[in-house]
Amino acid sequence: FLTTVLRALIERMWFGNLSYSVVVVDPKGETVQLVMRVVAELLERLPPDTAASLARQLTVVRPFRGRDLVPLGMLVPDPSIDLFSHARTLLELLWRTAGAAVGIRQEVAGEFALATLIANRISLIEAPYLLRDPDAMRDLADKVPEPRLHAYFRSGGYAKESRATIGGLIARIEAVVGVSELGAMLGASTSVDLRGAYARGAVTLVDLDGGPLGGTAITDAIGSYCVTRLGWACFDPAAQGNRAAGTFFVVDELARLATPSVLDVAERMLTTSRWLGTSLWTAAQYANQIAELDRLLSANTRLRLFGRTTAREIEAAIAEWVGTGSRRLRAVAPGHRSDGLELMSDAAEARDWARRVARLPQRHFVVGDRGAPFGAQVSETPHEDPPEWTSVPSAIRDLVERGGHGVAREELIAEARGIQSRAAERLLEKIPSTSGRTTERARAHAALPNLAEARARSRRGRDLP
């Protein structure tokens, strides 16, 4: 269903005069990969110059696949949000990589530390080395015109934090940048302006499939980061000038990416973004996967679709999504007298819907629209099968993967390694100057013992071998 709708939207955006934009965030990557095949099919129809011009409206974020990476510097100031809100959100996402909540001490120290790094545009790769140096952090805070930072660092607040508190923040950052692709993308010195995702004709795709084995928590945290950043851009007043009349915003498996920041963005989109023309869509394999979002979706969702599902979920789906209310005529067998009732009872209608839902074939969905003058109906979506990615010409594949913001993967990874090497050298230069005596003592202890000299000076020399 989503692929069919997205094809129609993109086709009318690029070949018609529809003022719309599309955003798709997919942790599993299946929807994004289908949309990429659709986009490649559309571009293949066009002359090379026209295809290249339209491809510049694409932003394709695929950290674990393809030749290119999109720079999304995590500590680059975001024009759509204030400094401390930015820091709090990043802290929440970093702590999610370990599946833990942020403690009060970690929240205070992490917020001030990350705010200082963001204000100075420090790379995420360099951050662990600076966080180990209280003097360097205090010097960075002095450069920021923010009294709260000055008071915290000059009073020794950061220097007094325990090693466990600062070490926890460092460990989580290193867990992210330790994945070379994520370090290169999130540690970049620049960041794409995501307000462009809402410009007319823009298509933004985020595919998080292919992450490291056992790194699901990190991958989900990056997905939450992308949804949050895109949400900030949605509500930025400065983005209104070149904004499309509407945006089709899809988050597959929204419950998987749910954090307080993501839920806040989702709630604002569902309740207050209607005047911006943004519609939020989410998909799940089973209804119980969105149980956390049930209150939010029940109160603010207008259009709902569901296909064949388990028997346990059919009853709840009928009551919540389809509803009853004696809207359907009751069938009367030929030759039987009618008792005057022309409509089904609520119980009979619910049983009839349960039988129909249990037998729905593929690509058939029950559609319930609260704003429609009719009841729920069964709709069939056409079969969507764009050309396989491997059959697309290489020139078109390159256009789609690079989009308008892609940078060669090797280039960004090399830049990240350079930042890391320079940061490590600066930190190591300070170690001999502050603990030279300790270092010399350690070297003396590390030297090989002179057994002959020790035997001569020892009273028990005869006992030595």
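Throughout these legends, a residue is called buried under 20% relative accessible area, exposed over 50%, and partly exposed in between, as computed with a 1.4 Å probe on protein chains only. The model is predicted: local features need pLDDT of at least 70 and side-chain atom pairs count only at pLDDT 80 or more, whereas totals for chains, interfaces and linings use all residues. Residues are numbered from 1 along each chain as its sequence is written, and side-chain values use heavy atoms, with hydrogens and water left out.

View 1. Helices (H or I, at least four residues) and strands (E, at least two) are DSSP runs, numbered from the N terminus. Of the 465 residues, 46% count as buried. Contact means heavy atoms within 4.5 Å. Among contacts between residues at least 6 apart in sequence, 77% join residues at least 24 apart.

**View 2. Five strands form an open sheet with parallel pairing.** The strand order is S2-S4-S1-S5-S6; two strands are taken to pair if DSSP finds at least two bridges between them. Strand S2 (58-61) and strand S6 (278-283) are the edge strands, each pairing on one side only. From one strand to the next, the twist averages 10°; the axes behind such angles are lines fitted to C-alpha atoms, for helices over the stretch in contact, and angles run from 0 to 180 degrees between N-to-C directions. S2 is joined to strand S4 (residues 203-207) in the parallel sense by four bridges, with Leu58 opposite Val203 in S4. Helix H2 (residues 30-44) packs on this sheet and touches strand S1 (20-26), S2, S4 and strand S5 (246-252). The direction of H2 makes about 140° with that of S4.

**View 3. Strand S5 is largely enclosed by the rest of the structure, because seven of its seven residues are buried.** In a regular strand, side chains alternate between the two faces of the sheet. In S5, Gly246, Phe248, Val250 and Asp252 point one way, while Thr247, Phe249 and Val251 point the other way. S5 pairs with S1 in the parallel sense over six bridges, and Val24 has Val250 of S5 as its bridge partner. Six bridges also connect S5 with S6, again in the parallel sense; here Phe248 stands opposite Ser279 in S6.

**View 4. Glu253 lies in the loop between S5 and helix H12 (260-272).** This residue has a positive phi of about 55° although it is not a glycine. Glu253 is buried, with a relative accessible area of 11%.

**View 5. Helix H4 (residues 83-96) crosses helix H9 (residues 163-177) at roughly 75°.** The axes of H4 and H9 come within 9 Å. H4 is therefore roughly perpendicular to H9; angles under 35 degrees count as roughly parallel, over 145 as roughly antiparallel, 65 to 115 as roughly perpendicular and the rest as oblique. Leu91, Leu94 and Trp95 of H4 meet Gly168, Leu169, Arg172, Ile173 and Val176 of H9. The residues of this contact divide into six nonpolar, one polar and one charged. In this grouping Ala, Val, Leu, Ile, Met, Phe, Trp, Tyr, Cys and Pro count as nonpolar, Asp, Glu, Lys and Arg as charged, and the others, Gly among them, as polar.

**View 6. Arg121 is found in the loop between helix H5 (104-119) and helix H6 (127-131).** Arg121 is not a glycine, yet its phi is positive, at about 55°. Its relative accessible area of 47% makes Arg121 partly exposed.

**View 7. Pro145 occupies the loop between helix H7 (134-142) and helix H8 (147-154).** Pro145 is exposed, with a relative accessible area of 76%. The C-alpha atoms of Pro145 and Ala119 are separated by 9.3 Å, these residues being 26 residues apart along the chain.

**View 8. Three strands form an open sheet with antiparallel pairing, in the order S7-S8-S9.** Strand S7 (303-306) and strand S9 (377-380) stand at the edges with a single partner strand each, so one side of each is left without a neighbour in the sheet. Neighbouring strands of this sheet are turned by 35° against each other on average, direction ignored. S7 pairs with strand S8 (residues 364-369) in the antiparallel sense over four bridges, and the partner of Phe306 in S8 is Val366.

**View 9. Cys226 and Cys234 are buried.** The relative accessible area is 4% for Cys226 and 0% for Cys234. A disulfide is counted for a pair of cysteine sulfur atoms within 2.5 Å, and by this rule the count comes to zero disulfides.
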